[in-house]
Amino acid sequence: MRGWVIARRALIAVAACAAAVTAAVVALAFCADAGLFRGTLIRFISSYAQRPVAVAGALHAHLLARHPTLSAEHVAVGSPSWAPGGPLAEIGDISLTMDVPWFEGGFGIVSVSMKSVTLHLKRDATGHANWQWRNPDLPPSTEKLPILRTLSIPDARVSLDDERRHLQFDGVVTTDGAAPGAASHLRIEGHGRLNGHPDSFEIIGDPLTAAGHEIPYRFSFSERSSGSDLEGHGFLPKPFDFNRIDAFFEARGADLRDLYFLTGVTLINTGEYRLMGKILRRGTLTRFEGLAASSGQSDARGSVSVDMSSGRPRLTVDLVSQFLKMSDLGLRAAGRAPVTSQPPLLLSDAVLKPSTVRHGDADLRFRAARLQIGRFDLTDVAARGTIEGGVLNVAPLTADILGGKLHSHLRLDARTDAPKADADMQFTDLELAGLFRKSSSPPPAHGLLQVRIAVTGVGKSVHQVAASANGTVTATLLDGSIRDSLAEMTGVDLRAFGLLLTKNQQQTPLRCAVADLEARDGTLSVRRLVADTAPVLITGTGQIHLDTETLDLAISGHPKGVRLIRFRSPVLVRGTLSHPTIDVRAHGLQLVDPGTANDADCEALRSESGPPR
């Protein structure tokens with residue numbers, strides 16, 4: 001009996017306490033409605049929002065309602081502690097409608113209307129943003145945030161500085177959701193300058209009145225800037241968790257590099273392009289799947305993923321191309337190269353931005369059925385590479401070329417704004433006939449050529465690296481043939497002219513050929529150039545200037561037998577790597593040349609030059 005009395009007294013005490021708390025809450029609500037406890041209410045809002053809030057104008061609260069309302073004038077909101085400092089928003093007039101625990105089971109804001117708004121949105125390189133609702137360093141929350149049913153923010157002035165995605169925007173944005181009881185779509189429109197270029201965008205979402213935590217929220221978007229259009233559609237699997245996004249996109253424009261002004265991603269220059277694919281974001285992991293890009297005659301397909309879990313971007317790139325034409329890339333392809341009367345360069349001038357290599361680490365894989373560089377085709381191209389701490393290593397890069405093989409290792413140190421490149425390239429069993437332009441007549445020479453290129457240079461493109469190259473280039477051929485008229489022409493004699501006039505296609509043995517060149521500051525100088533044929537020993541001197549890709553070579557033929565009416569003048573090779581020319585300037589006439597040249601010591605030449613490694 002005594003236990004029952006104690007229990008009854010306890011129940012009465014609990015009931016009394018509950019009644020007192022309820023009375024206090026009601027009294028507080030009445031006081032808030034009457035304009036009292038202004039400071040307490042602002043501090044509560046600031047604590048709930050996890051950022052400083054100040055109200056310089058009127059503050060009105062109506063809390064004794066199923067959906068309490070709060071309105072304020074001249075509101076200033078600061079940034080949270082985890083984000084870059086400074087103001088987040090200045091709001092001339094704001095009205096909120098809320099759900100509270102005693103009616104809906106959770107506190108939250110379901111309706112927002114703002115006027116005369118200025119937003120200062122900032123995110124640092126580590127991903128901490130002042131617009132985030134909670135600290136991103138904390139473990140993910142399972143709490144379901146309330147879904148806004150009404151949202152209206154006309155003509156907000158917005159400035160965005162996003163260091164993580166390299167985006168800067170300054171413009172006007174209007175947000176128009178459904179009015180209470182309506183079912184119109186959410187629409188966000190904006191215009192201004194994105195990364196320094198005019199920009200406009202539109203996002204259309206499902207009606208907010210129909211949104212739910214268990215229903216994917218669908219949206220479409222379009223954006224236009226600097227000659228590029230970006231469009232797409234997708235959904236949020238968990239509304240409104242923007243760490244989970246599934247979307248399809250398509251971009252078109254005059255130059256792929258212009259996508260930087262829309263996305264903050266640095267790409268290369270191209271001509272008119274088309275790019276499409278699917279983006280999937282899951283927290284710190286973003287994947288681009290089903291990518292398909294085309295520009296000119298070139299194409300590429302594959303996938304790219306970006307993992308931010310370590311705080312530093314880690315890219316995984318896997319791309320495949322059926323045909324990649326280097327002339328479809330670079331400033332010339334984009335129509336932005338300086339105006340010049342010079343012919344196109346053989347070596348690509350497509351520029352790689354060093355900061356792109358330094359921005360993150362990467363695992364790279366690339367394959368191409370066909371790669372065209374100038375007039376040369378490489379097939380079955382395969383490359384694997386890594387980027388670690390601003391250093392790009394491609395090892396190996398292999399391909400089939402001119403019936404032979406290419407095997408190379410490339411290194412680019414982009415830790416400074418003047419990247420340092422190191423290239424070691426070995427070509428084996430190149431068919432010499434393939435070096436000459438295709439025509440109906442037989443090629444002027446045959447044989448298997450071995451080439452080794454070991455150079456270093458500085459630059460942001462293949463052409464810039466070549467224009468500053470230091471190192472060696474060696475080429476050897478141990479057995480082959482050459483058109484008899486071409487061999488004789490190097491001696492500029494009567495027999496050579498006779499063979500040319502009769503269009504004689506006869507071949508003569510090419511016992512060996514060796515070219516040994518030294519690269520210094522972008523100029524290739526001939527240290528040794530010897531080709532030994534049955535009738536003529538051929539030697540050469542001169543230079544190749546890689547900055548302009550111009551040729552300045554002199555080829556001389558030394559007969560091994562008697563020749564009549566011979567000019568002691570070399571054959572001059574001029575023009576460029578892509579368009580060489582031949583010039584013969586006859587002088588130093590000799591009526592009879594006894595032809596005293598001897599066979600070259602091919603084995604000695606080979607050992608002195610060293611075989612390609």
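Mentor: Let's start with confidence: this is a predicted model, and its chain averages a pLDDT of 82, with 84% of the residues scoring at least 70.

Trainee: What makes residues 1–28 a stretch to treat with care?

Mentor: Over residues 1–28 pLDDT stays under 50, and the model has two contacts there beyond four places in sequence. Where pLDDT is low, the coordinates should not be read in detail.

Trainee: How many helices and strands does the chain have?

Mentor: The count is ten helices and 33 strands. Of the 613 residues in the chain, 41% are buried. Among contacts with a separation of 6 or more, 50% are between residues 24 or more positions apart.

Trainee: How do you know that C512 and C602 form a disulfide?

Mentor: Their sulfur atoms are 2.0 Å apart, and the cut-off is 2.5 Å, so the pair qualifies as a disulfide. By that rule the count comes to one disulfide. The pair links distant parts of the chain, with C512 in strand β26 and C602 in helix α10, 90 residues apart.

Trainee: Why is this disulfide called left-handed?

Mentor: The torsion about the S-S bond of C512 and C602 is about -75 degrees, so the disulfide is left-handed.

Trainee: And why is each of the two cysteines called buried?

Mentor: Buried means under 20% relative accessible area. C512 has 2%, so C512 is buried. C602 has 13% relative accessibility, so C602 counts as buried too.

Trainee: Why are β9 and β10 called paired strands?

Mentor: Pairing takes at least two bridges. Strand β9 (residues 197–205) and strand β10 (residues 217–225) have seven bridges, in the antiparallel sense, so they pair. As one example, the bridge partner of E202 is S222 in β10.

Trainee: What makes β10 and β11 a pair as well?

Mentor: Nine bridges join β10 to strand β11 (residues 228–236), and these strands run antiparallel. With at least two bridges needed, they pair because nine meets that cut-off. The bridge partner of R218 is F235 in β11. Together β10 and β11 form a hairpin with two residues between them, and S226 in the turn has a positive phi of about 50 degrees.

Trainee: Where else is there a positive phi in a residue other than glycine?

Mentor: H74, in strand β3 (residues 69–78), has a phi near 55 degrees. L402, in the loop between β20 and β21, has a phi near 50 degrees.

Trainee: What is the omega of the cis peptide bond between A395 and P396?

Mentor: Omega is about -5 degrees for that cis bond. P396 has its place in strand β20 (residues 391–401).

Trainee: T576 lies in a loop, so is T576 buried or exposed?

Mentor: T576 has a relative accessible area of 10%. The cut-off for buried is under 20%, so T576 is buried. Its loop runs between β31 (571–575) and β32 (580–584).

Trainee: What makes T576 and H579 a polar contact?

Mentor: A polar atom of the T576 side chain lies 3.0 Å from the backbone nitrogen of H579. The distance cut-off is within 3.5 Å, so the pair meets it. As for D552, its C-alpha lies 9.0 Å from that of T576, and the two residues are 24 residues apart in sequence.

Methods:
Residues numbered from 1 in each chain as written. Predicted model: local features only at pLDDT ≥ 70, side-chain atom pairs only at ≥ 80, totals over all residues. Heavy atoms only, no water. Helix = DSSP H or I, 4+ residues; strand = E, 2+ residues; numbered from the N terminus. Buried < 20%, exposed > 50% of the residue type's maximum accessible area, 1.4 Å probe, protein only. pLDDT = per-residue confidence, 0-100. Contact = heavy atoms within 4.5 Å. Polar contact = N/O pair within 3.5 Å; in protein donor to acceptor, adjacent residues only side chain to side chain.
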